Amino acid sequence: RRQRQMCIRDRYEGDEPFTATGTSLSGPSPFPVQNGIILEDEGIPQFSLTLVGDPIAENAGVATVTATISGLSALDTTGNFIFTGSADSSDFTSVNSFTIPAGMTTGNFDITAVDDALNEIDETIVLDVDSVTNGQEDGVQQVTTTITDDDAAPLTAVSLSLSSVIEGNTVDVILTIDAPSGQDLSLIHI
């Protein structure tokens, strides 16, 4: 009887099938083919995120996200993301998924703000892990950054359609702005 020891590794590989064959030392009859599975004994990699760069400037400001897994893996580990928050997809660029290559435990990607000409309130970008391939999310992984608006409020002018009016009649009040605004404007009557 001959035994063969399997190679022991210190990295996650997932369960692996194997096939064993052989021949008899006492004659020509081969042993039947045996199939089996090597069960993984390393824990599945835990996928986590951290962010450096909050807040970021609207004019091409950058936040760097670091994706990390808890241990070495012989498999690529991919995180898939969902973006929420008050910023929409025209306000920034980034990736929808990121892969940590086999044999590595960390990697970086950027969230970059896209400048526009609208005066807006500061907007948030919230990145959530949606799913992980060849790993699992370490609890709930979410990072947030805020885009700081750099556009001046539009200049306004108020004018009347008539310079004088008889009591009981109406006059139009005209509000004019010199640039589009991403915020609601209101005229307060005193």
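Strands and contacts in a predicted model

Guide: In this predicted model, asparagine 80 touches Asn96, Ser97, Asp128, Val129, Asp130, Ser131 and Thr133, when residues up to four places away in sequence are not counted.

Visitor: Is threonine 78 buried or exposed?
Guide: Threonine 78 has its place in strand β6, which covers residues 77-84. Its relative accessible area is 15%. Because buried means under 20% relative accessible area, threonine 78 counts as buried.

Visitor: Which residue's side chain is joined to that of threonine 78 by a polar contact of 2.8 Å?
Guide: Leaving aside neighbours within four places in sequence, threonine 78 is in contact with several residues, including Ser97, Phe98 and Thr99. The polar contact of 2.8 Å links the side chain of threonine 78 to that of threonine 99.

Visitor: Which strands stand at the edges of the open sheet?
Guide: The open sheet is formed by 5 strands with mixed pairing, in the order β7-β9-β5-β3-β11. Each edge strand has a single partner strand, so one side of it is left without a neighbour in the sheet, and these edge strands are β7 (92-93) and β11 (136-137).

Visitor: Which residue in β9 is the bridge partner of valine 65?
Guide: Strand β5 (residues 62-69) runs antiparallel to strand β9 (residues 106-113), and 7 bridges join them. The bridge partner of valine 65 in β9 is phenylalanine 109.

Definitions and conventions
Residues are numbered from 1 along each chain as its sequence is written. This is a predicted model: local features need pLDDT of at least 70, side-chain atom pairs count only at pLDDT 80 or more; totals for chains, interfaces and linings use all residues. Side-chain values use heavy atoms; hydrogens and water are left out. Two strands pair if DSSP finds at least two bridges between them. Helices (H or I, at least four residues) and strands (E, at least two) are DSSP runs, numbered from the N terminus. Buried means under 20% relative accessible area, exposed over 50%, partly exposed in between (1.4 Å probe, protein chains only). A polar contact is a pair of N or O atoms within 3.5 Å; within protein, one must be able to donate a hydrogen and the other to accept it, and residues adjacent in sequence count only if both atoms are side-chain atoms. Contact means heavy atoms within 4.5 Å.
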